[in-house]
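Please keep the sequence and the model in view while reading.

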Amino acid sequence: MLALPENQQLIYKQYSVAFMNLGHAYYEKGSALVATDKQAAAQNFAKAIENLKTAKLNTRFFPTIRYDEAVHDTYYYTALSYHKLYLITKKPTVLNDANLAWREYFDFFPKKLEGVTAFEQSREAGQKYWDQIKNQQ
């Protein structure tokens with residue numbers, strides 16, 4: 001019953017923010033494991049990307065009141081997850097995905113968040129990461 005396309009849309013609507021939060025959590029877990037278990041870290045970054053991709057496809061279901069913050073976090077943690085996954089794997093395809101993810105992050109940075117210190121700091125950090133990726137290509 002839940003596999004029906006019309007029910008999948010209901011699931012995405014109800015849990016779109018949950019996918020974003022799960023992606024963020026997997027990113028944080030991967031980051032915590034980088035120094036001790038690169039394989040587990042890579043798996044967590046891959047899970048983060050999977051959840052964040054689902055969230056990105058369903059941003060239309062994000063709550064209006066925190067829409068810009070949710071969109072920001074979705075794109076930001078997607079780019080960070082690809083970036084850190086590349087640093088572990090050194091795979092050219094992941095490098096290309098990281099570059100694309102950073103480009104999307106900057107293209108879709110919500111105007112409403114420009115000038116907000118916490119988000120501007122994320123944007124500045126993202127620019128440093130993206131510059132690092134561009135220098136690898």
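Gly23 is found in helix H1, in a model that is predicted. Gly23 is buried, with a relative accessible area of 0%. The protein chain around this residue has five helices and zero strands, and along the sequence the pattern reads α-α-α-α-α.

- Because the relative accessible area of Gly23 is 0%, and buried means under 20%, Gly23 counts as buried.
- Gly23 and Leu52 are 29 residues apart along the chain, yet 5.1 Å separates their C-alpha atoms.
- Leaving out residues up to four places away in sequence, Gly23 touches Ala48, Asn51 and Leu52.

**The chain and its core**

- The protein chain has 137 residues, of which 39% count as buried.
- Among the contacts in the protein chain with a separation of 6 or more, 63% are between residues 24 or more positions apart.
- In soluble globular proteins, nonpolar side chains tend to be buried together.
- In this model, the largest nonpolar core has 33 residues, and Trp102, Tyr105 and Ile133 are those with the most contacts inside it.
- Helices H1, H2, H3, H4 and H5 are the elements that give two or more residues to this core.
- H3 supplies the largest share of this core, 10 residues.
- Ile133 touches His83, Tyr86, Leu95, Ala98, Asn99 and Trp102, when residues up to four places away in sequence are not counted.

**Helices H2 and H3**

- Helix H2 covers residues 38-57 and helix H3 covers residues 67-89; their axes come within 9 Å and cross at roughly 150°.
- An angle over 145 degrees counts as roughly antiparallel, and H2 and H3 are therefore roughly antiparallel to each other.
- The crossing in which H2 passes H3 is left-handed.
- On the H2 side, the residues that meet H3 include Phe45, Ala48, Ile49 and Leu52; the H3 residues include Tyr75, Tyr82, Leu85 and Ile88.
- By class, 12 nonpolar, three polar and four charged residues make up the contact of H2 with H3.

**Helices H3 and H4**

- The axes of H3 and H4 are 8 Å apart, and the two helices pack at an angle of about 155°.
- That angle makes H3 roughly antiparallel to H4.
- H3 passes H4 in a crossing that is left-handed.
- Among the H3 residues in this contact are Tyr76, Leu80, His83 and Tyr86, and among those of H4 are Leu95, Ala98, Trp102 and Tyr105.
- The contact of H3 with H4 has, by class, 13 nonpolar residues, four polar residues and two charged residues.

**Helices H3 and H5**

- Helix H5 covers residues 117-136, and the axes of H3 and H5 come within 11 Å and cross at roughly 30°.
- An angle under 35 degrees counts as roughly parallel, and H3 and H5 are therefore roughly parallel to each other.
- H3 and H5 form a left-handed crossing.
- The H3 residues that meet H5 include His72, Tyr76, Leu80 and Tyr86, while the H5 residues include Phe119, Ala125, Tyr129 and Ile133.
- Sorted by class, the contact of H3 with H5 has seven nonpolar, five polar and three charged residues.

**Phe108, in the loop between H4 and H5**

- Phe108 is found in the loop between helix H4, residues 92-107, and H5.
- Phe108 is partly exposed, with a relative accessible area of 46%.
- Apart from neighbours within four places in sequence, Phe108 is in contact with Val71 and Tyr75.
- Phe108 and Asp68 are 40 residues apart in sequence, and the distance between them is 9.9 Å from C-alpha to C-alpha.

**Lys90, in the loop between H3 and H4**

- Lys90 lies in the loop between H3 and H4.
- Lys90 is partly exposed, with a relative accessible area of 47%.
- The phi angle of Lys90 is near 60°, which is a positive value in a residue other than glycine.

Methods
Residues numbered from 1 in each chain as written. Predicted model: local features only at pLDDT ≥ 70, side-chain atom pairs only at ≥ 80, totals over all residues. Heavy atoms only, no water. Axes fitted to C-alpha atoms, helices over the stretch in contact; angles between N-to-C directions. Helix = DSSP H or I, 4+ residues; strand = E, 2+ residues; numbered from the N terminus. Parallel < 35°, antiparallel > 145°, perpendicular 65-115°, else oblique. Left-handed = near helix turned anticlockwise from the far one by under 90°. Contact = heavy atoms within 4.5 Å. Nonpolar A, V, L, I, M, F, W, Y, C, P; charged D, E, K, R; others polar. Buried < 20%, exposed > 50% of the residue type's maximum accessible area, 1.4 Å probe, protein only. Core = buried A, V, L, I, M, F, W, Y, C linked by side-chain atoms within 4.5 Å.
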